[in-house]
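The entries follow the order in which I consulted the model.

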Amino acid sequence: MNHQETSSINFFGEDAIPVELHKVRIVQKLHLRPVEERLDAIGKGGYNTFLLNTKDVFLDMLTDSGTNAMSDNQVSSMLKADDAYAGSQSFYKMEQALKEVFGKEYILPVHQGRAAENVVSQIFIKKGDIIPMNYHFTTTKAHMELNGGKIVEILTAEGLRIKSKHPFKGNIDIDQLKTLISNHGASKIPFIRLEASTNLIGGQPFSIQNMREVKQVADEHGIMIVLDASLIGENAWFIKQREAEFKNTPIKEILRLMCSFADIVYFSSRKVSSTRGGGICTNSKELFLKMRDLIPLYEGFLTYGGMSVREIEAMAVGLMETTDETVISQSPSFIEYTVNELEKRNIPVITPAGALGCHIDAMSFLSHVPQKEYPAGALAAALYIISGCRGMERGTISSVRDENGEDVLADMELLRLAFPRRVFTLSQTKFLIDRVHWLYENRGLVGGLKFVEEPEVLRFFMGRLAPVNDWPQKLVEKFKKDFGNSL
Ligand SMILES: *Cc1c(COP(=O)(O)O)cnc(C)c1O
């Protein structure tokens, strides 16, 4: 008999049950409201999970941004923060941590990731420029377009395949990169942007090999590389797991190597170091000086950049913790477990499992809902109603309209269920899986959504929608029939 037959629990290796490698010392009470109250809450929130109030949310899986659990060392470091407008010791600690983790000399602090995107875009993008990237992120694209740039996604074809065994779906297609440069000329390309654990395609990593190839092409044409390192820790973890050459390399070395390919590294600390804030780093004094003047203008003085010194202290500690495998592996192992369990139930999810969350393919889950009725948004609302779990739509609602006012249909319609680091337990994860399964069996009851209030910029944040008919009431009726009085 092998181990799997003698024991029902398998903690490590293939198909493992994730183990929390930390203990809970401070807790926050959660509320699981009755289903009618949840129906009422989503109605008041315009069927947009961004507009829910957390008092009505059970498991908040909207995002990993600013919601990772802090460690005892991070929290205690905040007490030692040095309150100063200029020259704070907290800043120098953070600068030292960044030098150590990313291997970059110069750092510009900013209040969060998108502020870094604003600075980089304003300084380097001219009207008519082309910015090649593996895939866009919502705020990145908005800032680049605001400065007259056009983004071009040159992901490999595998990147957009929902079901895949490819270990590095975030890789750039090198042939497309070469063609793009020869068609437009290097002078039209201010930089190539690489996004670690590519968010909108399901937190999918790229390989070191791909970075090497991109770097070679970039160097041949004298084009800079800008790395979005918001989710770099998880990307490094996947490199260690999936790229044979690095299976015995410490995460710390992988991180340094990844950053060494980039002229500029920017990040959101809300993800990478479980705090708030962000930064831009480089080893080039010239690039540093080009960007520096925008920091006091938009963010704050150069030693705080819109962050509180307490956050800066915690960021220094959090950055160091990102190099710890028992920390960085937590979120990916819970995501992998969830993806495996949903696959066993034939529920369509993005594979292989990536970083930041489990991504359900709403186009296939709700194949009867036309894409112009926003299946991913409808699925997010339906899951909230029947479970209190709040996910995020990553589909056409997160896209835009074209010049004729028509929706630009997204490549994928995803419901993202984020797993912030060290926040949820295994039993909560099982609750989620169970409810997603119930919803899948009753998916025929879920209908589409339509906009009733639609902002022009980043409409997914504040837009209000309504169901196309009374499907939410029918869903609640079925829920009550199956679950009785239980929540
Ligand atoms: C979250 C995120 C950003 C934006 O960061 P904020 O701190 O939320 O402003 C930018 N890029 C990527 C890849 C992200 O995941």
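Entry 1. I began with the buried area between domain 1 and domain 2, which is about 2500 Å², with 56% of it given by carbon and sulfur atoms. Buried area is the accessible area (1.4 Å probe) lost by two parts on being put together, summed over both. I noted that Ile-328, Met-412 and Arg-421 supply 23% of what domain 1 buries against domain 2, more than any other three residues.

Entry 2. I recorded the basis of these values: the model is predicted, local features need pLDDT of at least 70, side-chain atom pairs count only at pLDDT 80 or more, and totals for chains, interfaces and linings use all residues. Residues are numbered from 1 along each chain as its sequence is written, and side-chain values use heavy atoms, with hydrogens and water left out.

Entry 3. I then looked up the division: domain 1 covers 3-64 + 328-483 and domain 2 covers 72-323, with bounds from an automatic or database domain assignment. The contact (heavy atoms within 4.5 Å) takes 29 residues from domain 1 and 35 residues from domain 2.

Entry 4. I checked the charged pairs and found 4 salt bridges between the two domains; the term requires a side-chain nitrogen of Lys or Arg within 4 Å of a carboxyl oxygen of Asp or Glu. Arg-421 forms a salt bridge with Glu-234, their closest N and O atoms lying 3.5 Å apart.
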